[in-house]
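Here are some notes on the structure you sent.

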Amino acid sequence: MSLLHRIEHPDDALNWHGDMPTEGRYTAGIAGERFFREIKEKGQFLATVCLDCDITYMPPRLYCEECFSHLDEWVEVGSWGHVHTFTVVHRDLDNEPLSEPRILAFVTLDDADGGLVHYLDEIEPEDVYLGMRVEAVFRAEDERQGSISDIEYFRPV
Ligand SMILES: [Zn+2]
């Protein structure tokens with residue numbers, strides 16, 4: 001095969017079949033670690049602010065997506081918001097049926113631009129509506145592990 005030969009089928013290229021063992025480690029990043037540490041230790045949300053663009057990033061970012069400024073202004077934001085959109089799930093990530101349906105929602109927070117995708121609970125799926133006021137329910141302090149699961153769910157207020 002010359003350099004100018006055009007590959008028209010995947011099997012024409014050098015390839016092998018089989019498994020490739022890989023290992024990886026993912027981190028939440030600098031902003032994500034501070035965000036999750038705040039939830040774990042204090043049960044509250046932190047966001048970053050771009051004062052030039054008047055944007056409060058939640059979850060926090062280290063750089064403004066509009067002006068690319070480095071963000072070092074951190075603010076505490078409340079855990080109240082409203083349902084921006086939602087869906088009802090009947091199967092888990094392994095496609096196994098759930099014992100009862102769960103509600104997943106994108107919740108926009110009152111004090112920030114942006115929000116979180118998380119479970120809604122303490123309400124039946126047919127009673128959820130767009131714009132519904134909700135608040136975060138955090139796990140007990142000794143159960144928190146510094147992850148998104150430290151928020152147990154959002155509930156109506
Ligand atoms: Zn900005």
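Which residues does Ala47 touch, not counting residues up to four places away in sequence?

1. In this predicted model, Ala47 touches Thr56, Tyr57, Met58, Pro60, Val75, Val77 and Ala112, with residues up to four places away in sequence left out.

2. Ala47 also belongs to the largest nonpolar core, which has 23 residues; Phe45, Ala47 and Met58 touch the most other members. Two or more core residues come from each of helix H1 (29–42) and the strands S1 (45–50), S2 (55–58), S5 (97–109), S7 (133–138) and S8 (151–156). S1 gives the largest share, five residues.

3. Pro60 sits in the loop between S2 and strand S3 (73–77). Pro60 counts as buried because it has 24 C-beta neighbours inside 10 Å, the cut-off being 20 or more. Not counting residues up to four places away in sequence, the contacts of Pro60 are Ala31, Arg34, Phe35, Leu46, Ala47 and Thr48. The C-alpha atoms of Pro60 and Ile148 are separated by 14 Å, and the two residues are 88 apart along the chain.

4. The peptide bond joining Met58 and Pro59 is cis, with omega about 0°. Most peptide bonds are trans.

5. Two residues other than glycine have positive phi: Asp54, near 55°, and Phe68, near 65°. Asp54 is in the loop between S1 and S2, and Phe68 is in the loop between S2 and S3. Asp54 is exposed because 9 other C-beta atoms lie within 10 Å; Phe68 counts as exposed because it has 8 C-beta neighbours inside 10 Å.

Terms used: Residues are numbered from 1 along each chain as its sequence is written. This is a predicted model: local features need pLDDT of at least 70, side-chain atom pairs count only at pLDDT 80 or more; totals for chains, interfaces and linings use all residues. A nonpolar core is a set of buried Ala, Val, Leu, Ile, Met, Phe, Trp, Tyr and Cys residues joined through C-beta atoms within 7 Å. A residue is buried if 20 or more other C-beta atoms lie within 10 Å of its own, exposed if 12 or fewer, and partly exposed in between; C-beta atoms are placed from the backbone. Helices (H or I, at least four residues) and strands (E, at least two) are DSSP runs, numbered from the N terminus. Two residues are in contact if their C-beta atoms, placed from the backbone, lie within 7 Å.
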